Amino acid sequence: MNLQSKAVGDRASKDALAETQDRIFAISLVHRRLYGSSDVRSVDLDAYLTGLLDHLRTSMRSQVHGISLSYNIEPIDLETDTSINLGVVVTELVTNAFKYAYPDGVGEIRVRLSKLAGEQAELVVEDDGVGKADGAPAKGTGVGSRIIIAMCISLGAKIDYRNLQPGTAAHLVFSTKPRRVIAA
C-alpha cells in the first residue's frame, strides 16, 4: 500500500490508500499481540486500543496538524474476533472525525471505552466540531460508514450519533460476554 501510495499522483487516491493502510493496521495489531500472548482467545483492549490510537494519532497528524486525539480506555478483555471488529470501528470513527469534524484543522477528538453493568461496555468517540446533520448523506465515498455498520452488526450493537452542539458523539454499547460457539 505504501509503495502504491508513493506511485499515485492525486490526493484522493493517496488518502484512500492511507485509510486502507489504517484499516489493515487495526487488524494486524491484534494478530501481532496474539503472537506474543499465551491466550489467543482474548485481547486486552487497553493495550490494543492504546496502540491503535497512538498509530492513528501519528498517521492522521501528518495530514492534519492542529487536531489532537485523547483517550481514556478502561481495561477490558474481549474475544479476539470482537476486538478486531471494535478496532475497525474505532479506526473509522477517529479517521472520520479527523477528516470532517474540523474543517479549519483545529480541535480535539476524544475516545472513551468504559465498562457498564451486566457484561457490557460503551465506546464513545466525540468531538466539538461542525457536527453531523441528521439524515445527511455520508461525506466522502461512504465506505467508512458502511464498514462501521457492518462491524456493529457483527458486534450485535447499534451505533448512535448524538449532536453535542457543537460536535458529534458516536456511542456504541456492546457485550463483553464471550459468544457461545455451537459445535456442528
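Me: Which residues does Ser114 touch, leaving out those up to four places away in sequence?

Reply: In this predicted model, Ser114 touches Glu74, Ile76, Gln120, Ala121 and Glu122. As for where Ser114 sits, that's strand β4, residues 106-116.

Me: What makes Ser114 count as buried?

Reply: Its relative accessible area is 14%. Buried means under 20%, so Ser114, at 14%, gets the label buried.

Me: How do you know that strands β5 and β7 pair?

Reply: Two strands pair if there are at least two bridges between them. Strand β5 (residues 120-127) is joined to β7 by 7 bridges, so the pairing holds. The two run antiparallel. One of the residues to look for is Glu122, whose bridge partner in β7 is Val173. Glu122 is also among the residues that Ser114 touches.

Me: How many residues lie between the strands in the hairpin of β6 and β7?

Reply: That hairpin has 4 residues between its strands, and Gln165 there takes a positive phi near 50 degrees.

Me: Why is strand β7 called largely enclosed by the rest of the structure?

Reply: Count its buried residues, meaning those under 20% relative accessible area. In β7 (residues 168-175), 6 of the 8 residues are buried, so the strand is largely enclosed by the rest of the structure.

Definitions and conventions
Residues numbered from 1 in each chain as written. Predicted model: local features only at pLDDT ≥ 70, side-chain atom pairs only at ≥ 80, totals over all residues. Heavy atoms only, no water. Buried < 20%, exposed > 50% of the residue type's maximum accessible area, 1.4 Å probe, protein only. Contact = heavy atoms within 4.5 Å.
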